[in-house]
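Open the model in your viewer and keep the selection tool ready.

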Amino acid sequence: MTEPLTSAAWTEALKLYQWVCTFVSVGPRGHEEWWLDVAAIMRFEAQDPRGWESIDPYEGEDERREDPLFPWLETPRTSTDVERYRAQVKKLPRSSVKSLLILLGASPHANLYLSPDWKDRLPEMERRAGVLMSRFPVGTHFYTNLGWRGDAPDFNRQTSRLQNPFSRYDWDAGLIAVNDDEVAVFWNFQSL
């Protein structure tokens with residue numbers, strides 16, 4: 001039996017994203033249409049229902065003062081918006097989520113498997129990604145704006161990834177987790 005996830009373990013696992021421009025936030029699931037809960041996270045209106053740490057690399061930055069939605073292009077507010085957003089993501093099998101969480105802690109358009117220190121860094125990255133995943137029980141649905149090949153991709157080994165942009169950046173890649181109680185947004189932003 002695994003130990004229950006704690007706030008301290010969650011915070012330590014978020015160090016996976018300490019050297020990159022990655023946004024991480026969890027909010028309560030309050031609507032049947034979960035995109036409205038995701039939109040609340042993207043508009044910075046949702047707070048973690050457990051009071052745990054989030055990461056917002058733009059909090060207090062000039063870009064945010066100039067545009068309260070920065071770095072997001074927009075957020076879904078209507079049923080038409082929801083349909084447009086729904087078409088920009090694809091459901092991801094749980095078996096691939098850990099590799100995507102790791103990828104979001106690096107450069108989503110790179111082939112991590114080819115980096116020189118990959119084998120040395122991978123065990124710690126996998127451990128942290130596993131801790132983050134443990135917050136989302138079996139039955140959680142996962143979605144990403146990235147494309148992939150195969151039924152259960154390993155994002156750390158795929159060299160080419162199409163993406164549907166959600167932000168003002170040249171490249172962004174993300175993961176949305178949805179269950180009955182919580183929604184989460186993990187998103188990496190990069191200028192090429």
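A residue is called buried when its relative accessible area is under 20%, exposed when it is over 50%, and partly exposed in between (1.4 Å probe, protein chains only). Helices (H or I, at least four residues) and strands (E, at least two) are DSSP runs, numbered from the N terminus. This is a predicted model, where local features need pLDDT of at least 70, side-chain atom pairs count only at pLDDT 80 or more, and totals for chains, interfaces and linings use all residues. Residues are numbered from 1 along each chain as its sequence is written, and side-chain values use heavy atoms, with hydrogens and water left out.

**Stop 1: helix 2**

Select residues 34–42, which form helix 2. How many of the nine residues of helix 2 are buried? Eight are, so the helix is mostly covered. Colour them: Trp-34, Trp-35, Asp-37, Val-38, Ala-39, Ala-40, Ile-41 and Met-42.

Now show what covers them. The cover includes strand 1, helix 4 (79–86), strand 3 (141–144), strand 4 (171–178) and strand 5 (182–190). Contact here means heavy atoms within 4.5 Å.

While the helix is on screen, recall a general point. An α-helix has 3.6 residues a turn, so residues three or four places apart point the same way.

**Stop 2: Met-42**

Select Met-42, in helix 2. Is Met-42 buried or exposed? Met-42 has a relative accessibility of 2%, so it counts as buried. Show its partners, not counting residues up to four places away in sequence: Met-42 touches Leu-69, Trp-72, Glu-74, Thr-75, Tyr-85 and Phe-166. Draw a line between the C-alpha atoms of Met-42 and Thr-75. They are 33 residues apart along the chain, yet 6.6 Å separates them.

**Stop 3: Phe-44**

Step on to Phe-44, in the loop between helix 2 and helix 3. Phe-44 is not a glycine, but its phi is positive, about 65 degrees. Most residues other than glycine have a negative phi, and most peptide bonds are trans. Phe-44 is partly exposed, with a relative accessible area of 23%.

Arg-64 lies over the face of Phe-44, at 3.7 Å from the ring centre. A charge sits over a ring if NZ of Lys or CZ of Arg is within 6 Å of the ring centre and within 35 degrees of the ring normal.

Next, go to Pro-71, in the loop between helix 3 (62–66) and helix 4. The peptide bond from Phe-70 to Pro-71 is cis, with omega near 15 degrees.

**Stop 4: aromatic pairs**

Show the rings of Phe, Tyr and Trp (its six-membered ring): two of them pair if their centres lie within 6.5 Å, and planes under 30 degrees apart count as stacked, over 60 as edge-to-face and the rest as tilted. The structure holds 21 aromatic pairs. Trp-34 and Trp-35 form a stacked one, 4.7 Å centre to centre with 25 degrees between the planes. Both Trp-34 and Trp-35 are buried.

Then select Tyr-169 and Phe-189. Their ring centres are 5.8 Å apart and their planes are at 40 degrees, so the pair is tilted. Tyr-169 lies in the loop between strand 3 and strand 4, and Phe-189 in strand 5, so the pair ties together parts that are 20 residues apart in sequence. Tyr-169 and Phe-189 are both buried.

**Stop 5: the start of the chain**

Select Leu-5, in the segment before helix 1 (7–13). Leaving aside neighbours within four places in sequence, Leu-5 is in contact with Trp-10, Trp-52, Val-131, Ser-134 and Arg-135. Leu-5 and Arg-135 are 130 residues apart in sequence and 6.8 Å apart in space, C-alpha to C-alpha. Arg-135 also has its charged end over the ring of Trp-10, 4.9 Å from the centre.

Glu-3 is in the segment before helix 1 too. Is Glu-3 buried or exposed? Glu-3 counts as exposed, at 72% relative accessibility.
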